[in-house]
Amino acid sequence: MRFRLETDLVPRGDQPQAIEELAQGIQCGEPHQVLLGVTGSGKTFTIANVIARVQMPTLVLSHNKTLTWQLYSEFRRFFPHNLVCYWISHYDYYQPEAYLPETDTYIAKELSILSEIERYRLETLTALVSGRRDVLVVASVSAIYGLSDPKEFAQQVLTLKVGRRYPRQALIQDLIQLQYRRVSEGNQPGTFWVRGDRLFLFPPYTTQAYRISFLGPAIDGIEEIDNLSFKSVRRLEELQIFAANMFVLSPDKLERALQSIQAELEEQVKYLLSLGKVEEATRLRKRTLYDIEQMRTLGYCNGIENYARHLTGRAPGERPYTLLDYFSRPFLTVIDESHVTVPQVKAMIGGDQSRKLVLVEYGFRLPSALDNRPLRLEEFEELLDQVIYVSATPGPYEMQKTGGAFVEQVVRPTGLMDPPVHVHPMEGAIDHLLEVIRRHRQQKGRALVITLTKKLAEEVADFLSRLLIPSAYLHSDLNAIQRVEIIDKLRKGEIEVIVGVNLLREGLDLPEVSLVAILEADKEGFLRSETSLIQIAGRAARNVQGEVILYADGITDSMQRFMREAERRRQKQLEYNAKHGIVPRSAGRAQELSMVPEKTEPKVIEVPGVASMTISELQALIEESKRRMLEAAEAEEYLTAARYRDEMRRLEELLHQRLGAAATSLR
């Protein structure tokens, strides 16, 4: 099948030129291109048009779950007849396995898997190995983590045909081999049950269920059935059944893998004993033999991914298979917010390897566990065919790849322009800020005030509150629920000013904000770099009354470059609006694909401040809690890590209720 773009939208502004240049670049074999697109310019629509033009399987890579879901929602609308898939980490919380030799503390891996997200992941793999070319996968950077051998996964398929000889008992055995669980009833993903001459199957990679009927040793009928009522939806002549788990091997290959694990165990035990590490050697033997027995008996064990090198037949030190290996060649990669995503890809290997080295040294894992890892940047690059980097502020990496060339998209279809930028001295800054805030309040606008320290953020918020301007500070000492309560109050108008150190919260859609004020803008550093200033200013770019004020006693190079670029973009937008008679209008909050069918009314868990959140924003909140939990764990602050873990579980319970009702709404 071909990609078929379905939309009433028509390319406008810079979009026609951007679509043409990017499509021509791909068709001419350009390996790297940059789309420099400002917030609100319709970059996703541009990319959708490019995909429809070039007709290549596509991976869209995003740096967090929030944007991943938003992009998935948009692409599902643009390509309703094609295979648009969603790939993120399937853990709703995750405490990695670790050992702290200083205190002799072993931390067991703790995780909980969201079954709905697991369905999306398996759906993605089955789509990629199906042979179709109209596959678009929207993924977080979890796409660079290790997976099973794609060839092996593609081979673990059962093909059923009506009239074919396939005894019921043989099918039962084959399903168990593919990691399906036999149960007495229900509709849980990855299960099946039998009633007389009929077998009911519930694959984990789809919302559809199936009923297979037998007449003697032959298949008499195959039906797709409703997952709840079990009523027939349609009859099928043929059905392909994929594995219920990513790590599934044939008995022969599994036995060879277990023998390889056993051989490595003996070698490592011998090495540890030569160093006098008797306790470590004993521990390693006990743990590994238990895992081997589990895999031999059940085909699976906890932490099976640590044996991925043996299961996939890779050589020591060789990179793991990842989602990128599942794509048919050639394929297109779109890296969204590339100035953040590329550095994230580059950094992921470091923490993973340092943690596992300790586990290996102290006999908790075999050395081969080190090969279960994310890709290194150079390995990631080798797997790509053609790439489009998308960002309002492309980084040095992307620009170096294209020799400084880029495709520009700065004119917004709404006619909205980049906000004007003004500079005011720090002397008298608070009085001036107060006056400007009052002016924006009269226009029903909200304000973001950016400071350099948490203490100053609290002081400014308290000062504004004493003057009866509803204000709050927002910084890293607040927990995730407190943070979202503040954002929610800003949207409702209960708070009119938020003061914080770093308000670059990607995924938060705040068209209510008309003023961005940056205190001490002349203090060079990460939060006052050209890139950060452009990104912060973008918070006011969704409001027609948008304005940015830099409070500074001097003009730094970063400020100068930022203001020059802002004015260049603004002039181009002004000229386009004047030429086409466009009157700018404020942007509304973007709508996203709902994961809850309208007919369902799940019981809502009472979590303050999150009732009005979108799915994407709730995922962003969970992502933030996870990040803080891992940071606390890395710093050995385990009570703090546990607090963030519990907070994340509470939020994930709410998300899980919403996701659990998603099955029919997305098909």
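In helix α16, E530, L533, I534 and A537 meet S558, M559, R561, F562, E565 and R569 in α17, where a contact means heavy atoms within 4.5 Å. Helices here are DSSP runs (H or I, at least four residues) and strands are DSSP runs too (E, at least two), numbered from the N terminus. The model is predicted: local features need pLDDT of at least 70 and side-chain atom pairs count only at pLDDT 80 or more, while totals for chains, interfaces and linings use all residues. Residues are numbered from 1 along each chain as its sequence is written, and side-chain values use heavy atoms, with hydrogens and water left out.

Two packed helices are described by the angle between their axes and the distance between the axes. For α16 (residues 530–537) and α17 (residues 557–580), the axes come within 8 Å and cross at roughly 45°. That makes α16 oblique to α17; angles under 35 degrees count as roughly parallel, over 145 as roughly antiparallel, 65 to 115 as roughly perpendicular and the rest as oblique. Axes are lines fitted to C-alpha atoms, for helices over the stretch in contact, and angles run from 0 to 180 degrees between N-to-C directions.

The chain as a whole has 19 helices and 25 strands. Of its 667 residues, 56% are buried, that is, under 20% relative accessible area, with exposed meaning over 50% and partly exposed in between (1.4 Å probe, protein chains only). Among contacts between residues at least 6 apart in sequence, 76% join residues at least 24 apart.

Helix α8 (residues 278–298) has 21 residues and reaches 30 Å from its first C-alpha to its last, close to the 30 Å expected at 1.5 Å a residue; the expected span is 1.5 Å times one less than the number of residues. Its buried residues are E280, A281, R283, L284, T288, D291, I292 and M295. They cover an arc of only 160° around the axis, which puts them on the same side of α8; the arc is that of the directions from the helix axis to the C-beta atoms. The face of α8 turned away from this buried side carries the exposed residues E279, K286, Y290, T297 and L298.

What do the buried residues of α8 pack against? They pack against α7 (251–274) and α10 (338–361). The axes of α7 and α8 come within 9 Å and cross at roughly 175°, and the two helices are therefore roughly antiparallel to each other. Among the α7 residues that meet α8 are L254, L258, I261 and L265. Just after α8, G299 takes a positive phi of about 80°.
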